[in-house]
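Hello,

Here is the structure I promised to pass on to you. Please open it and keep it beside this email while you read.

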Amino acid sequence: MPFLHHALATAAPWLDHYGYAAIFLTVGLEFLGIPLPGLTMVLAATLLASQGEMNMATVLLTASLGAVAGANGAYGIGRLGERRLLLRIGINRRHLHRLHNLFGRYGAGLVLAAPFLDGLRQTHGLAAGMLEMRWRRFLLANLIGVACWLGGWTLMAYQLGHHIGGLLEQIHRYRPWLIGTGLAVLALLIAYLLYRRSSRPENGV
């Protein structure tokens, strides 16, 4: 599989030189919002673990810590300047209040699904912080989402080995479209929820 060989050739030197730190940093920076190939690094490490060259438990631990640290870092950045940034890009205070309420109600599901979706994987922490999702709720949803994401991908890679290359090649080929689709779905969902909320009669009228 040409893509898999290329991915392994790219990731292997980093894993050789920096070991598990390369997994932590790559996954962490991706969840912080930088579009790095965190998943590719994790899968490359998983294939090496299947050959006895790395420890699978340590791969999972470092990837999990990186993902949670990165997402929570993005959450903190979002909380620092959220109101000024959102108001600056044209969201008025009324809509901002509605977005806060909507994210408080539906945000946990979005955070759970975000690791599986390019675009949302890199931005969900920032969005949760900007829209003032409660940190404990965010952390719990993030932990479960990351565990499912890593568990599913690493189990599949560990079992399938190099046969997973075909799936990775398709994901890589359509990644720009997947990122655009994920962000468009998020924008449409927020717009729909805002519209539905604003169209409800107020005060029981």
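Is Glu30 buried or exposed? Glu30 is buried, with a relative accessible area of 0% (buried means under 20% relative accessible area, exposed over 50%, and partly exposed in between, using a 1.4 Å probe on protein chains only).

Before the rest, two notes on the source. This is a predicted model, in which local features need pLDDT of at least 70 and side-chain atom pairs count only at pLDDT 80 or more, while totals for chains, interfaces and linings use all residues. Residues are numbered from 1 along each chain as its sequence is written, and side-chain values use heavy atoms, leaving out hydrogens and water.

Glu30 sits in helix H2, residues 20-32 (helices are DSSP runs of H or I with at least four residues, strands are runs of E with at least two, and both are numbered from the N terminus). The Glu30 side chain makes a polar contact with the side chain of Gln122 at 2.9 Å (a pair of N or O atoms within 3.5 Å; within protein, one must be able to donate a hydrogen and the other to accept it, and residues adjacent in sequence count only if both atoms are side-chain atoms).

Now for the whole protein chain. The protein chain has nine helices and zero strands. Buried residues make up 41% of its 205 residues. Among contacts (heavy atoms within 4.5 Å) between residues at least 6 apart in sequence, 77% join residues at least 24 apart. Read along the sequence, the pattern is α-α-α-α-α-α-α-α-α.

Happy exploring!
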